[in-house]
Amino acid sequence: MKNLSKQQQDLSRLIDQFERVSIDEVIRKSPLAQRLIELFPSEKIEFVTSRPYPEVSGELSAGEFARSKRHLFLTEFRGQFFKRCPGAKPGLTCCNYFVLNWGQQCDMNCSYCYLQSFLNSPVLVIYSNLDQALDELRLLAKSMGHQSLRVGTGELVDSLSLDPLTLFSHQLIEFFQDHPQWTLEFKTKSDSVEQFLEQDHRGNVIVSWSINPQKVIEQEEHGTASLEKRLKAAELCLDKGFQVAFHMDPMIWHEDWRENYSALVDELTSRFRPESIPYLSLGALRFQPEQRHMMRERFGLKSWVNQAEMFTGKDGKLRYPLELRQEMFNFVLGRFKEHSPHWKVFLCMESPETWLATHQRAPQKIDSLAPLFDHKVTRSHRQSQELRAKERAT
Amino acid sequence: MRNTPHPLNIAWREDWPQGWPHFFWGQWLISPLVKASKPLDSASDSTVELGSDSLHQAIKSCYPQLSFAQLAHLYEQWRHNPALQQELNWQALMAGYGFRDSEPQRLTLQKLIQMPSPFQAWAHHKALGPKDLAILLSFAEPNPDFDELLEWMAHSQTSKSIGVQVLEIAGELLLMGKALPSRKSLRPESYLMELEGQRRPLSRAALENKNQELSTLPWPARCSGRWLRLGDALVLETKVMGSNFQEVRQRLEALSRVFLAREDSPSQPASELSSPSEGSCQ
């Protein structure tokens, strides 16, 4: 492994990790299918005419969910790729964010992962027709091309952990070169960045890392890159002119949380300057109530996530007590401010009460964050969608 | 007339009326083998051959309702009996009773059948579903303490809503390696409160501290208050009593002064008082 480049190491890890690769006959000749056929040993590849495990429907068992992370299914997506972030719901104060899902399921294994209550696919799916997603974006550009819009790809998959296989980053970065007013956000817990570092771009690509103290990573974020590797990858991206952001999310309470999150802030602030980080989001552990069963079964009660004292929030999700969340957010905000008042920190998927308790103002009223929460953009998107629906109807 | 009927294992249906015939579908005896404590006498008992297209339809027509616990018994028989597997479409049977067949559900059926019999009967009578029983899947090995709790729940005539919460919280405590609190002389409702306190010790301590602090305030006459947890938030419930509007208003003013003084008090916890200063780190 030592003589292999980082990209080759990533590829080698992924090839080992997947026990089976099923390729839909329909897209057998697609460039991505051809690439996987070349990369994987032939005994791992099969061609299928329908999704593997047709007998599996509905809720997955813990075993089925774990197996789905080791079985890759390449097919085409028939539907709308592009949609608004699910955080945009009544009762939550959320930033403008649009998501483009080029697949579903993640090859990493975080104990708190919301996909556990969200997905019922028995395989990790990658869609081969990213071109169609880009066509949708082109269409959107006709109505919203002049507005600033953030597009993320990390809702149902990690944006980059599978990128050494798919190389989707190449197509996406190229597309966003033609749309400099829009921002593309990769969100990851991996350190797989080398495959796009040499790509030309217009400075409108944000590579963001979900980060936690190394102790939390070891305890709860299985199969992800270490904190050091994530930060090193972030430094590489900055060096190549990509924007870098961080999500300290989900913050997880544990006995030494103050020391560990304090050390994390120190590490970040010693390696990055606030001017070069457009934003940093904070969020605390939260999950759908029904998710607790699978989490408990898969990770046991030694997990800090499963031991947590959770209560039902206004949005129906289980959350830490409000006063504890406020204490955690205040603590981390305070630590950032000790280093510099210029860090742009916002809360993700939190109630207005928490915003007011920690920031004393709604995000739209905070100069440095207002552009992120400019709902004119999402209103305009909704209006253009409604208009298109009307046009279709007539 | 059949000499060797193959009875289906439909639990808690032993009170098949004496005068009713026995129902068959093929070789499968769908009604219970025992009729009001009298074994089936194939020579004298009347039988009816059900004309349904399939065994699952025949079962449904005989038993319009079967609980998840009853289905657990039938599933146990089904998974050990290849002949039954050939004739009974399990997925269709589950769908007939409003359940969507899936692996987690089958695993829950298997777990339930391993639980103490009184608990199974309780789960049947209270119509517990797979989600109510999900905690069972987290136990890889049998746990005697958990089994004891299940028997106690069944014998204490615990209600469904309390029972489901007790199951989950007690199960989690055991999985965390903690001992369950004593159940002696406790009613299920009180035991649930005891369990909740043990499962969320920090939140309970925080609530107790706040209430302790509240009790030291100089409350005006006929005013009282307590902190409660409402979802994820703590809320202060305050009672003000007066025999007329003026009295209530006066007490509210007095109470307001107490609260104002409390807000200015330096003894407040940092989490409530910290106010991020102006600037872009907001």
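**Close-up views of two strand regions in chain A**

**View 1. Strand E14(A) and its partner E18(A).** E14(A) and strand E18 (residues 345–347) of chain A are paired in the parallel sense through three bridges; two strands pair if DSSP finds at least two bridges between them. Helices (H or I, at least four residues) and strands (E, at least two) are DSSP runs, numbered from the N terminus. A:Leu282 has A:Leu347 as its bridge partner in E18(A). This is a predicted model, in which local features need pLDDT of at least 70 and side-chain atom pairs count only at pLDDT 80 or more. Residues are numbered from 1 along each chain as its sequence is written, and chains are lettered from A in the order in which they are written.

**View 2. Burial of strand E14(A).** Five of the five residues of E14 (residues 280–284) of chain A are buried, so the strand is largely enclosed by the rest of the structure. Buried means under 20% relative accessible area, exposed over 50%, partly exposed in between (1.4 Å probe, protein chains only). A:Leu280, A:Leu282 and A:Ala284 point one way from E14(A), while A:Ser281 and A:Gly283 point the other way.

**View 3. Strands E13(A) and E14(A).** Strand E13 (residues 243–251) of chain A runs parallel to E14(A), joined by four bridges. A:Met251 lies opposite A:Ala284 in E14(A).

**View 4. The open sheet of five strands.** The strand order in chain A is E2-E1-E3-E8-E6, with mixed pairing. Strand E2 (45–48) and strand E6 (103–104) of chain A are at the edges with a single partner strand each, so one side of each has no neighbour in the sheet. Strand E1 (residues 20–24) of chain A runs parallel to E2(A) over four bridges, with A:Ser22 opposite A:Glu46.

Definitions and conventions: Side-chain values use heavy atoms; hydrogens and water are left out.
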